[in-house]
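This report goes through one structure, from its charged pairs to its nonpolar cores and its strands. The sequence and the structure are shown first.

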Amino acid sequence: MAKVKLTKNALKAERDALKRYQRYLPTLLLKKQQLQMEMRTLQDKVLAKREEEDTLRKGMVSWISLFAEPIQWSKYLSVKEVRQGEGNIAGVRIPIYDGVDFDVSIPDFFETPVWLDDGIRALQGLISLRLERRVLERQYELLSIELRTTSQRVNLFEKVKIPETKANIKKISVYLGDEQVAAVVRSKISKKKLQNEGEI
């Protein structure tokens, strides 16, 4: 803790600092709550996307064994572009999943297996779900970093800065009060001396 000057200017500076801390603290607490709520929502969304992936995979079980035939999927399906936007949650810039564009080549129906169309659609669905889940996980990660920083600031204000400033204000006030009392006592003593000298 830095040494505090015991002056009226220092007292004013400490009072101003305390007002500032007390004004910012509720904003930080609100931001912390908002981040926690958004993180819970994102967690639910990630779990929902995982369940969608599992459901899609289970739906493929009946014909997935056909994938054992060697197929060069890159000839028929590739990711052209993953579209992402940018959003803002509690001042944190996050990526937003806007979809995925595929390059799909229509297979020759006479040279490829019958199930290839279903396989292409299933892979498109899986890839899309997985990309969306990754973006949601990235959002969660970014919010988690911001929550950690915000929590540290809240703790700094609540547990360090505000108590320290209050203690400084009390220390300066007591000192200035003592100085004022001492000045009054000195002036009374001086006055008494002058009166006594006047009588002699």
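A salt bridge is taken here as a side-chain nitrogen of Lys or Arg within 4 Å of a carboxyl oxygen of Asp or Glu. E146 and K31 form such a pair, with their closest N and O atoms 2.7 Å apart. The model is a predicted one, and the distances and areas in this report are computed from it.

**Confidence**

The mean pLDDT of the protein chain is 86, and 90% of the residues reach at least 70. Within the chain, helix α1 has the highest confidence, with a mean of 91, and helix α2 (residues 73–76) has the lowest, with a mean of 73.

**Salt bridges**

The count of salt bridges comes to 13. K31, with a relative accessible area of 21%, is partly exposed. Leaving aside residues up to four places away in sequence, E146 touches K31, L35 and V92.

D54 and R57 both lie in helix α1, 3 residues apart, which is about one turn of the helix. E141 and R138 are likewise 3 residues apart, in helix α3, so about one helical turn separates them.

| Salt bridge | Distance, N to O |
|---|---|
| E146 and K31 | 2.7 Å |
| D54 and R57 | 3.5 Å |
| E141 and R138 | 2.8 Å |

What is the exposure of the residues in the two pairs within helices? D54 is partly exposed, at 38% relative accessibility, and R57 is partly exposed as well, at 35%. E141 has a relative accessibility of 40% and counts as partly exposed. R138, at 36%, is also partly exposed.

Which residues are linked in a network of salt bridges? The network is made up of R50, E53, D54, R57, R130, R133 and E137. D54 and R57, the pair in helix α1 described above, are thus among its members.

**E53**

E53, another member of the network, lies in helix α1. With a relative accessible area of 3%, E53 is buried. Its contacts, not counting residues up to four places away in sequence, are L126, L129, R130 and R133. Of these contacts, R130 and R133 also belong to the salt-bridge network. E53 and P163 are 110 residues apart in sequence, and their C-alpha atoms are 51 Å apart in space.

**Nonpolar cores**

The largest nonpolar core has 13 residues, of which Y21, L25, F157, I162 and I172 touch the most other members. Helix α1 (8–64) and helix α3 (116–199) each supply at least two residues of this core. The most comes from α1, which gives 7 residues. I162 touches L18, Y21, Q22, L25 and F157, again not counting residues up to four places away in sequence.

There is also a second, separate core of 12 residues, and its members include L42, V92, I94 and L143. V92 is one of the residues that E146 touches.

**Aromatic pair**

How many aromatic pairs does the structure hold? There is 1. Y21 and F157 form this pair, with 5.2 Å from centre to centre and 65° between the planes. The limit for an edge-to-face arrangement is over 60 degrees, so the pair counts as edge-to-face. Y21 is in helix α1 and F157 in helix α3, so the pair ties together parts that are 136 residues apart in sequence. Both residues of the pair, Y21 and F157, are buried.

**Strands**

Strand β1 (residues 77–89) pairs with strand β2 (residues 92–104) in the antiparallel sense, over 12 bridges. Within this pairing, the bridge partner of E86 is P95 in β2. The two strands, β1 and β2, form a hairpin with 2 residues between them.

Note on methods
Residues are numbered from 1 along each chain as its sequence is written. This is a predicted model: local features need pLDDT of at least 70, side-chain atom pairs count only at pLDDT 80 or more; totals for chains, interfaces and linings use all residues. Side-chain values use heavy atoms; hydrogens and water are left out. A nonpolar core is a set of buried Ala, Val, Leu, Ile, Met, Phe, Trp, Tyr and Cys residues joined through side-chain atoms within 4.5 Å. Buried means under 20% relative accessible area, exposed over 50%, partly exposed in between (1.4 Å probe, protein chains only). Helices (H or I, at least four residues) and strands (E, at least two) are DSSP runs, numbered from the N terminus. Contact means heavy atoms within 4.5 Å. pLDDT is the predictor's confidence in each residue, from 0 to 100. Two strands pair if DSSP finds at least two bridges between them. Rings of Phe, Tyr and Trp (its six-membered ring) pair if their centres lie within 6.5 Å; planes under 30 degrees apart count as stacked, over 60 as edge-to-face and the rest as tilted.
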